[in-house]
Amino acid sequence: MRTHRIGVIGGTGPQGKGLGYRFALAGHEVLLGSRSAERAVAAAAELNARLPEGRGVTGTDNAKAAEAGDVVLLAVPYDGHGDLVASLRGPLAGKTVISCVNPLAFDRRGPYGVPVPEGSAAEQAAALLPGSIVVGAFHHVSAVALLATDEPLSHEDVLVCADDAAAGAAVRELAAAVTGRPGVDVGPLRLARQLEPLTAVLISINKRYRTQSGIAISGL
Ligand SMILES: NC(=O)c1ccc[n+]([C@@H]2O[C@H](COP(=O)([O-])OP(=O)(O)OC[C@H]3O[C@@H](n4cnc5c(N)ncnc54)[C@H](OP(=O)(O)O)[C@@H]3O)[C@@H](O)[C@H]2O)c1
């Protein structure tokens, strides 16, 4: 397995912590980022308390996490996403940037996908980061499941969309840290337009069936 140094932007939230935990458990070096380095240090301490000997994460600010990673995960809400991503254009140049951002809203009928001018949050990031390679992945793995156990989520698939073949392959390999096997190559980055709002369906199912639903692809 190729090990990466992974920066997590928004690493104090459940999804950033959950994926950061799984990446660290698999042996990757992880830097949790935040708008406040102090908050990231606290989040890192929380994860380090449960990581085994020889595994660990570090807390820092978003810019330093972006600079340090060869792969950088965007794990921030869609609200404020554009401004934050644009502010990190310099440190993210030359990096593979993974977006798991789901632009969702909620009303009394439940969750739904919101329109994004660029088509999807991943494509918005790609437009704002011309010097980076953006890959969409990890939209459907729930933070609760990521942090509930150390066992691979072997009943789920990580769907990966990318326009760059090598970056897509690297992220599919990284998905093994979560599911125990490589992610599924679904096609070009524009398919993030379908992947992101699909999460609204999972959240709606979770509410109706009181479960943690996930995605598994048959026929492969
Ligand atoms: N939660 C899940 O199960 C799940 C599953 C799949 C995908 N996702 C996606 O992953 C992303 C993160 O989810 P989450 O549940 O972890 O979100 P969250 O807790 O709402 O936010 C994550 C972190 O982003 C930072 N943040 C919040 N508002 C911000 C803003 N306006 N500008 C810059 N940074 C901001 C905060 O960190 P600081 O205050 O420390 O900077 C926060 O801890 C979302 O796009 C979500 O759709 C989540």
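Let's start at the ligand: one of its oxygen atoms sits 2.9 Å from a polar backbone atom of Ala143. Keep in mind as you look around that this is a predicted model. How much of the ligand does the protein bury? Taken alone, the ligand would expose 890 Å², and the protein buries 75% of that. In total, 21 residues surround the ligand, and the closest ones are Thr12, Ser34, Arg35, Val76 and Ala143.

Now look for the aromatic rings. The structure holds one aromatic pair, made by Phe23 and Phe138. Their ring centres are 5.6 Å apart and their planes meet at 75°; planes over 60 degrees apart count as edge-to-face, so that's what we call this pair. Where do the two partners come from? Phe23 belongs to helix H1 (residues 14-25), while Phe138 is in the loop between strand E8 (133-136) and helix H7 (143-148), so the pair ties together parts that are 115 residues apart in sequence. Both Phe23 and Phe138 are buried.

Finally, head out to the surface. There, Val201, Ile205 and Tyr209 form a nonpolar patch, and together they have about 310 Å² of accessible area. Find Val201 in helix H10 (residues 192-209).

Conventions
Residues numbered from 1 in each chain as written. Predicted model: local features only at pLDDT ≥ 70, side-chain atom pairs only at ≥ 80, totals over all residues. Heavy atoms only, no water. Patch = residues over 30% accessible without salt bridge, like charges linked within 9 Å, V, L, I, M, F, W, Y side chains within 5 Å. Areas by Shrake-Rupley, 256 points an atom, 1.4 Å probe, with all protein chains shown as cover. Salt bridge = Lys/Arg side-chain N within 4 Å of Asp/Glu carboxyl O. Helix = DSSP H or I, 4+ residues; strand = E, 2+ residues; numbered from the N terminus. Near = heavy atom within 4 Å. Polar contact = N/O pair within 3.5 Å; in protein donor to acceptor, adjacent residues only side chain to side chain. Phe/Tyr/Trp six-rings, centres within 6.5 Å; stacked < 30°, edge-to-face > 60°. Buried < 20%, exposed > 50% of the residue type's maximum accessible area, 1.4 Å probe, protein only.
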